[in-house]
Amino acid sequence: MDKFIIESSRNLSGDINVSGAKNAILPVMAACLLAPGKSILRNVPGLIDLKTMAHLLRVIGARVEYGDGFMSIDSKDVCYPEAPYELVSKMRASIYVLGPLLARLGTAKVSFPGGCAIGTRPVDLHLKALEALGAKIDIEQGYINAQAKRLKGADIHFEKSSVGATINTLMAAVYAKGTSRLFNAAMEPEVDSTIDFLNKMGAKITGQGSTTLTVQGVDDLFPIQSDMIPDRIEAGTFLIAGALSTSPVRVCGCKPEHLTALIEKLREAGCELQIEGANITVNPPKKIKPCNILTLPHPGFPTDLQAQFTVLMCLANGVSLVEDTVFPDRFMHVAELNRLQADIKMERNIATIKGVNQLGGAEVMATDLRASAALVLAGMVAEGTTVVSRIYHIDRGYDRIEEKLSGIGAKIRREQG
Ligand code: UD1
């Protein structure tokens, strides 16, 4: 298994580019199943999760080419509506094929996703919404079996804001007969970009940017070519790297409007940020100020940046509190950060972080995608050498992170094992 060997490197500077957003690409890959023919996605980075999704689409019968920066998906011959356990267990987002397969073929069999390192992650909201659209759902031997001759438009009230359930429901409702209305829908930029993609294919979805979405069912959708949005979580990770540095870093090719909650917190921490079009320059403070973080659905502070921001607070001049209301158990990184001499105490899903002057290098283990990014950031500011093992987690969602960070002065190298 590969490892990162990281030496203390706080004097970062220069430009770092943001890649296409994994969490926006995964749903549109599934959406390609809805329109028979060849769709082309551009600005697609090289990520393990996208390879896993490409594999799943091939198993279902699509022809997928995944090249340098692009992906083409030909779903003309999609005929095998099954997502097997071996793929769904690798990546929960495989559940995204459920809505499109049901809508296009009237049947879908998708392995039930299990829990994962960031806590229990049920799919009840996805299933309730599909049932409301008229699907018959049975759970058998660990598989979700969904059937519907033709889905029917309905009003769906989500008990909780869910990115995945909102997107899956939209992808099913586009072919439903009549009108569907989704209440308390998620507003994350990845939901927005999926709506743009579906509408470009010929769907009729309105209400974008609000929590109420209306879908007028259509009979046909058409393949398209489309550019993928930049990854706000990768951009946010690099902004936090800049905040931890001793000189300015410019994060290029992002959408600042997707990062408002983080930008506000970085300013509260004492950073100066300059936004020029798609580029954000972060000027680090002399002393990092402590901040309290409460993760919330968009436009609140994103849970996917909680672990990385926690690293910044480890070096703040005072005490910070961090609570994750989206995934309350998402604190696996805390024990690893404490191995790097952070001072974090957990009490009832709230992390109390007492800032220290210096972290110290050690061997640590990546536990999930965003926690791994946090450990890389911590390794870059820790005195001495940090070894981060199990970095396959980071390869799931960050495109060549060690090359990108080396480009702005980080001392990080991959050791293949
Ligand atoms: C997506 C992102 C993930 C991010 C999360 C929240 C992808 C591939 N993943 O995950 O990186 O951390 O949004 O921004 O885009 N829930 C239920 N029942 C359900 C579905 C969700 O109770 O059927 C709960 C979850 O346990 C969680 C909350 O709803 O507490 C939000 O989860 P959700 O927005 O669905 O996350 P994902 O779409 O799985």
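The structure is a predicted model, in which local features need pLDDT of at least 70 and side-chain atom pairs count only at pLDDT 80 or more, while totals for chains, interfaces and linings use all residues. Residues are numbered from 1 along each chain as its sequence is written, and side-chain values use heavy atoms, with hydrogens and water left out.

**Exercise 1. Describe the interface of domain 1 and domain 2.**

Solution. Begin with the bounds, which come from an automatic or database domain assignment: domain 1 covers 22-227 and domain 2 covers 230-415. The C-alpha centres of these two domains are 30 Å apart. Next, list the contacts (heavy atoms within 4.5 Å): 18 residues of domain 1 are in contact with 20 residues of domain 2. Then take the buried area, that is, the accessible area (1.4 Å probe) that two parts lose on being put together, summed over both; for domain 1 and domain 2 this is about 1,600 Å², with 55% of it on carbon and sulfur atoms. Finally, apply the salt-bridge rule, which asks for a side-chain nitrogen of Lys or Arg within 4 Å of a carboxyl oxygen of Asp or Glu; across this interface the rule finds 2 salt bridges.

**Exercise 2. Which parts of the chain does the salt bridge of lysine 22 and aspartate 49 tie together?**

Solution. The closest N and O atoms of lysine 22 and aspartate 49 are 3.4 Å apart. Helices (H or I, at least four residues) and strands (E, at least two) are here DSSP runs, numbered from the N terminus. Now check accessibility, where buried means under 20% relative accessible area, exposed over 50%, and partly exposed in between (1.4 Å probe, protein chains only): both lysine 22 and aspartate 49 are buried. Helix α1 (residues 22-31) is itself mostly covered, with 9 of its 10 residues buried.

**Exercise 3. Locate glutamate 234 and lysine 404, and decide whether each is buried or exposed.**

Solution. Glutamate 234 and lysine 404 form a salt bridge in which the closest N and O atoms are 2.7 Å apart. Because glutamate 234 lies in helix α8 and lysine 404 in helix α14 (residues 401-407), this pair ties together parts that are 170 residues apart in sequence. Glutamate 234 is buried at a relative accessible area of 2%, and lysine 404 is buried at 11%. Elsewhere, salt bridges that share partners join Asp2, Asp395, Glu402 and Arg414 into one network. The structure holds 21 salt bridges.

**Exercise 4. What covers the buried residues of helix α9?**

Solution. First identify the buried residues of α9 (residues 260-268), namely Ala261, Leu262, Ile263, Lys265 and Leu266. Their cover includes the helices α8 (232-243) and α10 (306-314) together with the strands β16 (272-276), β17 (279-283) and β18 (293-295). Beyond the helix, α9 is followed by glycine 270, which has a positive phi, near 105 degrees.

**Exercise 5. Classify the aromatic pair of the structure.**

Solution. Rings of Phe, Tyr and Trp (its six-membered ring) pair if their centres lie within 6.5 Å, planes under 30 degrees apart counting as stacked, over 60 as edge-to-face and the rest as tilted. The structure holds 1 aromatic pair. The ring centres of phenylalanine 301 and phenylalanine 309 are 5.5 Å apart and their planes stand at 75 degrees, so the pair is edge-to-face. Phenylalanine 301 is buried at 5% relative accessibility, and phenylalanine 309 is likewise buried, at 1%.
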